[in-house]
Amino acid sequence: MSQEKDVEARRRFLKVAAGTAAAAAVVGGLPRFARAADLPHVAESDPTAKALDYVEDATKSKNPKHKAGDVCANCQFYTDANAKPYGPCQLFPGKSVNAKGWCVSHTARKA
């Protein structure tokens, strides 16, 4: 009978340990999402922004490569399509771009 109690106690311990690990993984991921909204915005005067012809408002782009409807929010480099009005972009690490912005590296997100 004590062997059954040991097995039951071990199972209970493993369940609690698995639940704790899962909760820690979820909680550990939360700060990343919270920080994405707090990233500093890329200024059009930023050297990388200038090199990529980044504009805060895509409708004001004078670059001949810009096509109507192309904005950061529908670009594959914009890493959070739901982030608005600003979100993270792989081309500007540690900064966020305007979802309605555009740069010469715009590549349409595949569905």
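Ala, Val, Leu, Ile, Met, Phe, Trp, Tyr, Cys and Pro count as nonpolar here, Asp, Glu, Lys and Arg as charged, and the others, Gly among them, as polar. On that scheme, the lining of the largest cavity has 11 nonpolar residues, 1 polar residue and no charged ones. The model is predicted. The protein has 111 residues, and 27% of them count as buried. A search of the whole structure finds 0 disulfides.

**Overall layout**

- The protein holds 2 helices and 2 strands.
- Along the sequence they follow the pattern α-α-β-β.
- Helix 2 spans 47-51 and strand 1 spans 86-88, with a loop between them.
- Strand 2 covers 96-98.
- Take the contacts between residues at least 6 apart in sequence: 60% of them join residues at least 24 apart.

**The cavity**

- The structure holds 1 cavity of 30 Å³ or more.
- The volume of the largest cavity is about 70 Å³.

**The nonpolar core**

- In soluble globular proteins, nonpolar side chains tend to be buried together.
- The largest nonpolar core in this model has 15 residues.
- Val42, Tyr54, Tyr78, Phe92 and Val97 touch the most other members of that core.
- Beyond four places in sequence, Phe92 touches Val42, Tyr54 and Val97, among others.
- Other contacts of Phe92 include Thr48, Ala49 and Leu52.

**Cysteines**

- A disulfide is a covalent bond between the sulfur atoms of two cysteines.
- The cut-off for a disulfide is a pair of cysteine sulfur atoms within 2.5 Å.
- Cys72 is in no disulfide, and the nearest cysteine sulfur, that of Cys103, is 6.1 Å away.
- For Cys103, the closest cysteine sulfur is in Cys89; at 6.1 Å, it is too far for a bond.
- Cys72 counts as buried because its relative accessibility is 9%.
- Cys103 is also buried, with a relative accessible area of 7%.

- Trp102 sits in the segment after strand 2.
- Trp102 has a relative accessible area of 1%, so it is buried.
- Leaving aside neighbours within four places in sequence, Trp102 contacts Asp53, Tyr54, Val55 and Ala58, among others.
- Further contacts of Trp102 include Ser61, Asn63, Lys65, His66, Asp70 and Cys72.
- Trp102 and Ala49 are 53 residues apart in sequence, and their C-alpha atoms are 10.0 Å apart in space.
- His106 is placed in the segment after strand 2 as well.
- His106 is buried, with a relative accessible area of 16%.
- Not counting residues up to four places away in sequence, His106 touches Asp70, Val71, Asn74 and Cys75.

**The loop between helix 2 and strand 1**

- Asp53 is found in this loop.
- Phi of Asp53 is near 55 degrees, a positive value in a residue other than glycine.
- Asp53 is partly exposed, with a relative accessible area of 31%.
- Val71 also has its place in the loop.
- At 22% relative accessibility, Val71 counts as partly exposed.
- The C-alpha atoms of Val71 and Thr59 are separated by 8.9 Å, and the two residues are 12 apart along the chain.
- Val71 is in contact with Ala58, Ala99, Lys100, Gly101 and His106, leaving aside neighbours within four places in sequence.

**The cis peptide bond**

- A cis peptide bond joins Lys84 and Pro85, with omega about 0 degrees.
- Lys84 lies in the loop between helix 2 and strand 1, and Pro85 is placed in that loop too.
- Lys84 counts as exposed because its relative accessibility is 56%.
- Not counting residues up to four places away in sequence, Lys84 touches Ala73, Tyr78 and Ala99.
- Lys84 and Asn98 are 14 residues apart in sequence and 7.6 Å apart in space, C-alpha to C-alpha.

Note on methods: Residues numbered from 1 in each chain as written. Predicted model: local features only at pLDDT ≥ 70, side-chain atom pairs only at ≥ 80, totals over all residues. Heavy atoms only, no water. Buried < 20%, exposed > 50% of the residue type's maximum accessible area, 1.4 Å probe, protein only. Helix = DSSP H or I, 4+ residues; strand = E, 2+ residues; numbered from the N terminus. Contact = heavy atoms within 4.5 Å. Core = buried A, V, L, I, M, F, W, Y, C linked by side-chain atoms within 4.5 Å. 1 Å grid on protein atoms, 1.4 Å probe; cavity = no way out; pocket = protein on both sides within 12 Å on 5 of 7 lines; lining within 4 Å. Points joined across faces, edges and corners; volume = space filled by probe spheres on them.
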